[in-house]
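User: I would like to learn how to read chain contacts, domains, sheets and single residues in a structural model. Could we begin with the place where chains meet?

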Amino acid sequence: MAAINFSEEQAMLLDTAREFCRNKSAIPVVRERIAEGAPYDATLWQEMADLGWLGITVPEAHGGLGLTLAETVPIAESMGQHLLGSPFLATTLAIQALLTSGSAAQQERWLPELASGAIGTVALTEEDGNWQLGDVEAAGSLHGDELVLSGRKSQVLDADAAALLIVSIQFEGATRLALIERGQLGPDGVRRQVVIDETRASYAVSLDGVRIAADQLLPECNLAAVERAALLLISAETAGGLAGVLHTIVEYLNTRKQFDRLIGSYQALKHPTVDILLEQEAAKSLVYHAASVVAAGDDATADVALRMAKAQGSKAFAYAGDRAVQFHGGFGFTYECDAQLFLRRAVWCQHQFGDERHHRQLLAPALLDEGVGV
Amino acid sequence: MTTAQELAEFEREADAWFAENKPADPGFILPETFMEVGTDRQFDFLRDWQRKVYEAGFVGMAWPKEYGGGGVEQAFQDVATRAMARHRVPFLPNTIGLNWAGPLILNMGSDVDKARYIKGILSAEDIWCQGFSEPDHGSDLGNSQCRAVKDGDEYVINGSKIWTSLGAYARYMILLARTSTEGPNKYAGLSFFLVPMDAPGIDPQPIKKLTGEYGFCQTYFDDARIPATSLFGGEGEGWKVAMLTLTFERGATGGQAGGLSSMDMSVNDVVELARRARRNGRPAVEDPLIRDELVELMIEARGHQMMGVRAGIPALQSDWPAAVAMSGKLRGSELKRRMCKLAVSLQGANGARFVAADAIDGGMWQRSYFNAFSATIGGGTSQIQKNILGERVLGLPKD
């Protein structure tokens, strides 16, 4: 079993990303963006594009760096630690969809643009909140050269600012992916949705009556590849979030006094905080392990490693956020306390692309019946 | 510098040796760690095994040659230790010597000490035990009350120590005792001794464990006289020396002789049991609730494994760099306890059986579950470990 291969590129990206996120995404800045209702900062986004982050997995021929998904992990991790909201996740997933399912022409048309700062997103989830990406109701039918779409997508990240959306639909008895340009959606086609993590811009997208060219269908429909990328990036964000929330907890435990004692001296708070520390260490380890396995390209092993990382991280981050609120006492119940920012982020991450129960259920046959072993 | 090729060659050599020399099943149930050696035949069997491993050159490989070690790089020992795990051979019983006393003596002992003690530790000729805990002060080592009073060229020891594994077989003990009740705090009066167990007045009494078996002693000191040269470090430096010893035990510093110190058990063994053991007429592995618990344990085991791997990559340290190294004992012991606990639950009503020929696997899982507490309690309970991690790694205030 591959363990952890840490590349030089990863090391460099990790250094840069840590520094960048620490400087650009202090908590007051995060709160300011939330208050403005615009979690996405165009200047910051352009800086990220200039650093080459959006083109990490884009082949050099299309203006990218030609690296693997493993190299996006340090960035997602650092963003997670500092609660930085940006279209990085959405755009990276759109790039993965194009890379694994798109035609040469579609890749040629879109990858250079996405690598240099155009926003992309994927619209896979629907209103019933089903995590099984093949189960979609939205549909498309051919009318001459045109594909006429119907149905609604939910929780589509950054849809309003996106130049393109990659949408899953039913088409001629199979689930397929189609590429929609933002301008092809109707004026009321994109509506902001309230989501628990206020650093995210999430949208409901209506496909009713949307007409696109038939060649906007992607020739392949590799939903598993998009899911793998999502699990890796969200797990990385989760591992970073665990470190962020742990700093928040420790700082409060080291300053707040009750009954003349610093509350961090009470074992009732100290011991669960150590549990969170160790879960944080496990999360980081499982994520970098998963990154190595994904980069190595063996899908069956990658699925196990990714589901393990997502299951462990989801549970641990949700627990840490929950305890962070509790340990802040009365202050924890207020909007002013930063604990809620992490709890919101944790619950969001937990419920995207499958929570811990979902992934454990999928792991069971692989680990117990097919005898993968650990 | 050793090449990968040399290591690979050595690995083949070690593999061949352990395949060839793995002892046959002795026909009686073996202990899982040095803390569970309850009968003479178990002890003799394990001591013979360690001697054989030492004579073949697979333990103490990175310890200095002049004192009986192998004088090669640690990488060779790591290869040999992994080979032992792979071949599931018995553990090396002189655990305190190999992992505590030996590294300590090599770290701060004189040349005379090294010449006197190291070879016997490796060959299991001289078994070591530890005298840190006391009946009334379990994890609170700093509060040790066992007294050592200097009298001419001897120290006179009075008091008792508990959980002295292999006490009845040991030739030496590392002892933490109080030489003074003065001083600014409770730690200042402690001193550290390398005690010959055959000194008059030392009486190790076996203790019956929760499993009903033997393995520990309570060691009584009744005007026991030991040579003054047994003092290790200066008078009053016992706490410092004990803490250094514990860093070897917690695996944070390296320097141990290598080799297995317990019978290996992995979560895969529990999964294998789940295929054989039955709940309500079906293999336990088909029970949906059991499946979920098994998967959770496997995730935890993988996390534990990968933490060790990640710890070797400096750039991937977390914001709390000491966390992985300092939590090894806590994580490992708690994982094992929960694995055994689930293994018992796989057995339906037979979970309520205990060690007996007609129990599932001879009752091994129930016994392992009970014995697992030795590691969650010994060497500082899991709760003390969490205090240490909270205070030293996270910087939280003392309680």
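Analyst: This is a predicted model. To read an interface, one may count the residues on each side, then ask which elements supply them. Here, 38 residues of chain A are in contact with 39 residues of chain B.

User: Which helices of chain A each supply at least two residues of the side that touches chain B?

Analyst: They are helix 1 (8-24), helix 7 (223-253), helix 8 (267-296), helix 9 (299-327) and helix 12 (356-369) of chain A. Helix 8 of chain A contributes the most, with 15 residues.

User: How do the residues of the side of chain A that touches chain B divide by class?

Analyst: That side of chain A comprises 23 nonpolar, eleven polar and four charged residues.

User: The next topic is domains. Into which domains is chain A divided?

Analyst: The assignment gives domain 1 (8-118), domain 2 (121-216) and domain 3 (223-369) of chain A. A pair of domains can then be described by the separation of their centres and by their contacts. For domain 1 and domain 3 of chain A, the C-alpha centres lie 22 Å apart. The contact involves 21 residues of domain 1 of chain A and 23 residues of domain 3 of chain A.

User: How is chain B divided into domains?

Analyst: Chain B has domain 1 (1-263) and domain 2 (267-393). Their centres, taken over C-alpha atoms, are separated by 25 Å. The contact takes 13 residues from domain 1 of chain B and 15 residues from domain 2 of chain B. On the domain 1 side of chain B, the residues that touch domain 2 are five nonpolar, four polar and four charged.

User: How many helices and strands are there in chain B, and why may chain B be called as compact as a globular protein of its length?

Analyst: Chain B contains twelve helices and nine strands. Its radius of gyration is 22 Å, close to the 21 Å given by the globule rule for 399 residues, so chain B is as compact as a globular protein of that length. The C-alpha trace of chain B spans about 70 × 50 × 50 Å along its principal axes. Of the 399 residues of chain B, 47% count as buried. Among contacts in chain B with a separation of 6 or more, 71% come from residues 24 or more positions apart.

User: Sheets come next. In what order do the three strands of the open sheet in chain A lie?

Analyst: The order is 4-8-7, with antiparallel pairing. Strand 4 (152-157) and strand 7 (190-193) of chain A are the edge strands, each pairing on one side only. Neighbouring strands of this sheet are turned by 30 degrees against each other on average, direction ignored. Strand 4 and strand 8 (residues 202-206) of chain A pair over four bridges in the antiparallel sense. One bridge partner in strand 8 of chain A is A:Ser202, which pairs with A:Leu157.

Note on methods. Residues are numbered from 1 along each chain as its sequence is written. Chains are lettered from A and ligands numbered from 1 in the order in which they are written. This is a predicted model: local features need pLDDT of at least 70, side-chain atom pairs count only at pLDDT 80 or more; totals for chains, interfaces and linings use all residues. Two strands pair if DSSP finds at least two bridges between them. Axes are lines fitted to C-alpha atoms, for helices over the stretch in contact, and angles run from 0 to 180 degrees between N-to-C directions. Domain bounds come from an automatic or database domain assignment. Two residues are in contact if their C-beta atoms, placed from the backbone, lie within 7 Å. Ala, Val, Leu, Ile, Met, Phe, Trp, Tyr, Cys and Pro count as nonpolar, Asp, Glu, Lys and Arg as charged, and the others, Gly among them, as polar. The radius of gyration is taken over C-alpha atoms; the globule rule is 2.2 Å times the number of residues to the power 0.38. A residue is buried if 20 or more other C-beta atoms lie within 10 Å of its own, exposed if 12 or fewer, and partly exposed in between; C-beta atoms are placed from the backbone.
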